[in-house]
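Please read it alongside the structure.

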Amino acid sequence: METPILNTIDQPADLKKLDLAQLTQLATEIRQVLLNKVSQTGGHVGPNLGAVELTIAFHTIFNSPIDKVVWDVSHQSYTHKILTGRKQAWLDPKHFDDVSGYTAPEESPHDYFNIGHTSTSIALATGMASARDLQGKSGNVMAVIGDGSLSGGLALEGLNIAATLKSNLIILVNDNGMAIAEDHGGLYQGLKELRETNGQSSHNLFKAMGLDYRYVADGNDMQAMLDAFKAVKDIDHPIVLHVQTEKGHGYQPAVDHKEAFHWHVPFDLKTGKTLHPVTGETYNDVIHDELEKEITEDKTPITAITAAIPGSYDLKRFGRKHPDRYFDVGIAEQESITFAAGQAQQGMRPIVFHSGTFLQRAYDQLSHDLGINKLPVTIMVSGGSISAGDPTHQGIFDIAMLSNIPGLTYLAPTTKEELTAMMHWALHQNVGPVAIRVPSNDVHSATLNDFDIHKMNILHAGKKVAILGLGSLLPLAEEVQQQLSKENLDVTVIDPRDISELDGATLSNLEKDHQLVVTLEEASLSGGFGEKVSRFYGDTDMHVLNFGAAKRFNDRETTAELWHEFKLTPEQIVAEIKAAL
């Protein structure tokens with residue numbers, strides 16, 4: 001791959017030597033290296049391709065890190081990283097894993113926050129700008145936020161405070177007409193009118209909030225972005241620079257399939273097709289089958305609600321069949337939960353589809369609007385797993401968060417039959433909110449007998465040792481049981497089912513002929529399921545071993561490394577059990 005211009009760029013200052021033709025060529029080269037890497041490793045494709053020109057232009061006109069830029073979500077910061085001394089992470093496969101997929105202060109003085117969630121940049125920038133002023137410092141502060149992120153409440157709170165500042169603050173709204181999927185909500189009609197009128201529409205949210213405003217019709221035009229940044233550099237008051245860009249710009253598959261290429265697994269660069277497509281039944285298939293049964297056979301008044309992540313559950317499949325029952329509220333987790341609470345209070349049976357790492361943004365709504373009011377809303381929670389990745393996307397904190405809200409029942413199915421039964425129970429009970437932790441492993445199937453949501457399921461009755469394998473770790477419990485059986489140790493294997501309330505009768509019965517209880521959970525041990533079991537046996541002679549994740553933000557360790565560190569391999573668990581006996 002030829003990158004003659006990029007080869008000369010090691011820091012932003014190097015850009016200032018280039019003319020327009022060279023900067024434009026640099027954009028082409030950067031797109032090539034971006035696509036070359038993400039096609040092999042996976043990553044955020046569309047957001048980065050759309051922000052190449054505005055990033056090059058920023059670092060050409062401004063003087064980072066004296067002038068500061070905060071990237072909302074920071075999933076579009078690959079070009080920023082390439083231009084700030086980290087290009088080897090895109091040029092050399094040996095260094096592909098050297099940097100995070102998001103901004104990271106430990107990597108560079110040009111990064112200020114670990115950011116992987118949405119709608120935070122404006123609020124962060126208002127704080128930085130006020131701190132600059134209080135300390136008598138200089139420099140521009142810019143927040144770069146996508147149009148999709150504006151639907152998050154914190155973005156609007158940030159805009160509200162931004163308008164009160166009396167000094168430099170630049171808010172670049174990167175408007176490509178998309179969130180992860182398409183935008184939803186009333187403010188997007190106003191943005192659409194601004195795009196169609198070249199920024200002249202009277203329906204201007206930003207001006208209505210007291211902010212200055214300028215519009216750039218083509219944010220993928222290098223000269224247009226250079227001119228725009230020259231015009232607002234060192235401005236003495238807050239301004240919104242509304243820039244229209246194209247998500248996936250420069251790579252036709254990403255332009256044609258914007259939602260699919262927001263984040264993509266490794267793909268064939270020529271065709272855009274996934275290299276290792278998922279085959280066979282998935283838990284999404286199981287969920288959709290139950291949704292159809294509830295509507296067609298049981299006549300359940302269900303609705304399906306998501307906060308901008310329909311692709312995670314293939315919810316548009318449901319939306320095509322039942323458009324009047326499908327609601328995407330945009331990037332607005334709080335709205336999704338309280339919207340569901342309102343529907344439930346009026347007799348509907350809403351199901352809210354979430355990722356555990358995003359659902360934390362709606363904690364107060366889960367507790368206040370659902371828990372206190374005991375409303376029968378069902379929440380599907382995906383991503384509950386111990387896995388590699390960056391600190392902002394950790395799937396290990398949902399159990400501590402959800403299982404300790406009074407009145408909320410958190411369930412952990414282990415098979416597709418349990419998942420179906422739990423969904424059905426949740427949609428027909430009147431006790432309160434129910435969350436279901438969708439298994440993170442491949443689909444498992446087993447006959448379901450005498451199903452009781454609150455009763456632990458003893459799959460194999462043994463003696464001395466009982467292993468409780470929660471949700472997706474039940475197969476690990478069974479594997480440990482099989483290894484121990486080879487050593488003439490017949491142990492009990494239990495599927496706990498209910499994470500939030502323990503089955504005290506079953507646990508008490510274990511005291512008769514067991515001396516060790518082992519808990520396995522794919523989550524943080526602190527505040528988790530195992531701690532509840534340990535507390536239950538606190539004043540007894542029962543010995544308890546808890547296996548799960550450490551309470552920390554993992555950062556780019558491999559999944560295998562994490563499982564080994566947390567002693568979640570069969571061999572390690574067997575050794576710990578034998579040592580305890």
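A residue counts as exposed when its relative accessible area is over 50%, and as buried when that area is under 20%. What lies between is partly exposed. The model is predicted.

**Exposed residues with positive phi**
- D234 has a relative accessible area of 56%, so D234 is exposed.
- D234 sits in the loop between α10 (222-232) and β5 (238-244).
- Phi of D234 is near 65°, a positive value in a residue that is not glycine.
- D450 is another non-glycine residue with a positive phi, about 50°.
- The loop between β11 (434-437) and β12 holds D450.
- With a relative accessible area of 75%, D450 is exposed.
- Most residues other than glycine have a negative phi.

**Other backbone details**
- The peptide bond from S64 to P65 is cis, and its omega is near 10°.
- P65 is placed in the loop between α3 (52-61) and β1.
- Most peptide bonds are trans.

**Helix α6**
- Helix α6 spans residues 121-134, 14 residues in total.
- From first C-alpha to last, α6 reaches 20 Å, close to the 20 Å expected at 1.5 Å a residue.
- Which residues of α6 are buried? They are S121, I122, A125, T126, M128, A129 and R132.
- These residues cover an arc of only 165° around the axis, so they lie on the same side of α6.
- An α-helix has 3.6 residues a turn, so residues three or four places apart point the same way.

**Helix α22**
- In helix α22 (residues 529-536), the buried residues are F529, G530, K532 and V533.
- Their arc around the axis is only 155°, which puts them on the same side of α22.
- What covers the buried residues of α22? The cover includes α18 (398-402), β13 (464-469), β15 (514-524) and β16 (543-549).

**Packing of α15 and α17**
- Helix α15 (residues 333-345) packs with helix α17 (residues 363-371) at an angle of about 10°.
- Their axes are 9 Å apart.
- Angles under 35 degrees count as roughly parallel, and α15 and α17 are therefore roughly parallel to each other.
- On the α15 side, Q334, I337, T338 and A341 make the contact.
- On the α17 side, the contact residues are Q365, L366, D369 and L370.
- By class, this contact has 4 nonpolar, 3 polar and 1 charged residues.

**H460 in strand β12**
- Strand β12 (residues 457-460) contains H460.
- H460 has 30% relative accessibility and therefore counts as partly exposed.
- Which residues does H460 contact, leaving aside neighbours within four places in sequence? They are Q481, D490, V491, T492 and V493.
- H460 and E281 are 179 residues apart along the chain, and their C-alpha atoms are separated by 27 Å.

Key. Residues numbered from 1 in each chain as written. Predicted model: local features only at pLDDT ≥ 70, side-chain atom pairs only at ≥ 80, totals over all residues. Heavy atoms only, no water. Axes fitted to C-alpha atoms, helices over the stretch in contact; angles between N-to-C directions. Helix = DSSP H or I, 4+ residues; strand = E, 2+ residues; numbered from the N terminus. Parallel < 35°, antiparallel > 145°, perpendicular 65-115°, else oblique. Contact = heavy atoms within 4.5 Å. Nonpolar A, V, L, I, M, F, W, Y, C, P; charged D, E, K, R; others polar. Expected span 1.5 Å × (residues − 1). Buried < 20%, exposed > 50% of the residue type's maximum accessible area, 1.4 Å probe, protein only. Arc of directions from axis to C-beta.
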